[in-house]
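Here's a quick tour for anyone meeting this structure for the first time. Have a look at it below, and then we'll go through it topic by topic.

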Amino acid sequence: MRTSHRCWAEVDLEALRENLAWIRHRAGPRIKVITVVKADAYGHGLKPIAGLLMQSGTDIFGVANLIEAQAIRSVGKGWPILMLGACLPDEIEAVVCDDIMPTISSVAEAEKFSAVATKANKTVLAHVKIDTGMGRLGAPPEQAFQLIRKIKACPFLKLQGIYTHLAAVEDDAEFSRQQIDVFKTVLGEIKAGGIRVPMVHANNSGAILLERSSIFNAVRPGLLVFGIIPPGQRPVECTVRPALSWKCRVSLVRDVPRGSRLSYGGTFIAPKNMRVATLSAGYGDGYLRAGSNRAQVLIRGKRCPVVGRITMDQMLADVSHVPKVAAGDEVALIGGNISANDVAAWAGTIPWEVLTAITYRVPRVYRGGQAA
């Protein structure tokens with residue numbers, strides 16, 4: 001795909017469709033899919049991706065906040081949206097009026113939603129979160145039944161779902177299964193109390209791959225939808241396909257003599273005569289500076305090491321071993337045999353950060369079908 005952009009991301013919509021279909025098959029029949037599209041759909045572009053997922057049949061959208069929920073509402077009406085983050089007090093009225101499903105972790109939150117819903121004469125479909133070991137949101141297990149009874153007692157609150165979040169599923173099987181056991185105990189207490197919950201979910205991307213026996217009647221894939229396997233110590237086999245490739249261009253090629261100091265701080269000194277390409281991307285585009293002197297890029301099908309510190313708008317790559325590199329050549333930052341997981345490893349971080357760090361000034365170019 002030829003483009004005039006200096007730095008851009010290509011999003012393969014067909015890969016997204018295939019990944020969602022694979023997840024549905026993996027989860028099993030009659031399992032609802034809550035597609036998590038937080039942080040601008042993990043850097044892929046929220047509105048276009050929401051439109052595609054509506055066409056591809058996602059059941060529910062998972063978002064972090066009210067702004068993301070409202071962005072999805074602007075694309076199409078009617079899809080259920082679960083707000084996974086805690087609702088701020090001044091957001092409650094908008095959440096109620098826009099028919100967004102909130103996450104409730106405490107009796108105090110339930111009371112606030114009940115008051116606003118009663119005043120608006122609107123029923124709120126609430127999901128209760130149980131903290132089984134993440135320590136971020138959620139009711140303590142011993143308080144869960146009390147919270148659920150409170151919600152059931154509020155005429156304008158309807159208990160739509162209950163869920164938890166696994167904190168270390170990619171690395172720690174024992175702790176993950178302890179979390180699941182705690183969650184199942186809570187579910188047993190709720191059932192014994194005669195309360196029916198329409199939706200029960202615990203499995204994020206990693207748990208869909210690694211803890212299939214814990215799938216209830218819904219799953220919450222995020223990274224996996226976009227074709228990235230969550231990294232960790234537990235081995236996994238998966239056939240999803242990365243949807244995003246990230247590219248820039250060579251802007252200049254220079255011969256550099258031995259002993260030359262390159263980029264800020266002179267952290268790289270040429271050990272020999274070299275040929276170095278200047279690339280039209282930097283941390284201002286979201287390429288993490290922590291990858292300086294460690295990352296690699298793909299030019300003319302060859303991996304080329306990044307040399308010197310990555311700067312705001314540019315970076316340098318050693319192309320001494322690649323013949324005929326010239327200004328205008330396409331460079332893959334992610335794509336080909338370089339994955340988001342590779343970039344994350346070079347920067348000492350995780351692929352979630354790599355993708356969501358790609359900034360607004362990097363145009364997203366969609367291919368493989370219509371995007372909203």
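Let's start with a pairing: Arg 241 and Glu 18 form a salt bridge, with their closest N and O atoms 3.0 Å apart. This pair connects distant parts of the chain, since Arg 241 sits in the loop between β9 (218-219) and β10 (244-256) while Glu 18 belongs to helix α1 (residues 13-27), 223 residues away. Keep in mind that this is a predicted model.

**Salt bridges**

- Both partners of that pair are partly exposed: Arg 241 has a relative accessible area of 31%, and Glu 18 comes in at 37%.
- How many salt bridges does the structure hold? The count is 16.
- Another one brings together the side chains of Lys 122 and Asp 99, at 3.0 Å from N to O. Lys 122 is in the loop between α6 (107-120) and β6 (124-129), and Asp 99 is in the loop between α5 (92-97) and β5 (101-104), so the bridge ties together parts that lie 23 residues apart in sequence.
- Lys 122 is partly exposed at 23% relative accessible area, and Asp 99 is partly exposed too, at 45%.
- Asp 329 and Arg 300 also make a salt bridge, their closest N and O atoms being 2.9 Å apart.
- As for the general idea, side chains of opposite charge can pair when their charged atoms come close.

**His 201 and its surroundings**

- His 201 is part of strand β8 (residues 199-203), and it counts as buried because its relative accessibility is 0%, under the 20% cut-off.
- Which residues does His 201 touch, leaving aside its neighbours within four places in sequence? Its contacts are Ile 34, Leu 82, His 127, Ile 162, Tyr 163, Thr 164, Phe 183, Ala 218, Val 219 and Arg 220.
- With Arg 220, the side chain of His 201 makes a polar contact of 3.0 Å.
- His 201 and Ser 263 are 62 residues apart along the chain, and their C-alpha atoms are separated by 49 Å.

**Helices**

- The axes of α6 and helix α7 (residues 144-153) come within 9 Å of each other and cross at roughly 10°. The two helices are therefore roughly parallel, a label that goes with angles under 35 degrees.
- On the α6 side, the contact uses Val 107, Ala 110 and Glu 111, and on the α7 side it uses Gln 146, Leu 147, Lys 150 and Ile 151. Sorted by class, that's four nonpolar residues, one polar and two charged.
- Helix α3 (residues 46-56) is mostly covered, with eight of its eleven residues buried. They are Leu 46, Pro 48, Ile 49, Ala 50, Gly 51, Leu 52, Leu 53 and Met 54.
- Just past the end of α3, Gly 57 has a positive phi of about 90°.

- Ser 263 isn't a glycine, yet its phi is positive, near 65°. You'll find Ser 263 in the loop between β11 (261-262) and β12 (268-269), where it is partly exposed at 29% relative accessible area.
- Asn 293, also not a glycine, has a positive phi of about 65°. Its spot is the loop between β13 (274-279) and β14, and Asn 293 is partly exposed with a relative accessible area of 33%.

**The whole chain**

- The protein chain has eleven helices and 18 strands.
- Its C-alpha trace spans about 75 × 40 × 40 Å along the principal axes.
- Of the 372 residues in the chain, 53% are buried.
- Looking at contacts between residues at least 6 apart in sequence, 66% join residues at least 24 apart.

How values were computed. Residues are numbered from 1 along each chain as its sequence is written. This is a predicted model: local features need pLDDT of at least 70, side-chain atom pairs count only at pLDDT 80 or more; totals for chains, interfaces and linings use all residues. Side-chain values use heavy atoms; hydrogens and water are left out. A salt bridge is a side-chain nitrogen of Lys or Arg within 4 Å of a carboxyl oxygen of Asp or Glu. Helices (H or I, at least four residues) and strands (E, at least two) are DSSP runs, numbered from the N terminus. Buried means under 20% relative accessible area, exposed over 50%, partly exposed in between (1.4 Å probe, protein chains only). Contact means heavy atoms within 4.5 Å. A polar contact is a pair of N or O atoms within 3.5 Å; within protein, one must be able to donate a hydrogen and the other to accept it, and residues adjacent in sequence count only if both atoms are side-chain atoms. Axes are lines fitted to C-alpha atoms, for helices over the stretch in contact, and angles run from 0 to 180 degrees between N-to-C directions. Angles under 35 degrees count as roughly parallel, over 145 as roughly antiparallel, 65 to 115 as roughly perpendicular and the rest as oblique. Ala, Val, Leu, Ile, Met, Phe, Trp, Tyr, Cys and Pro count as nonpolar, Asp, Glu, Lys and Arg as charged, and the others, Gly among them, as polar.
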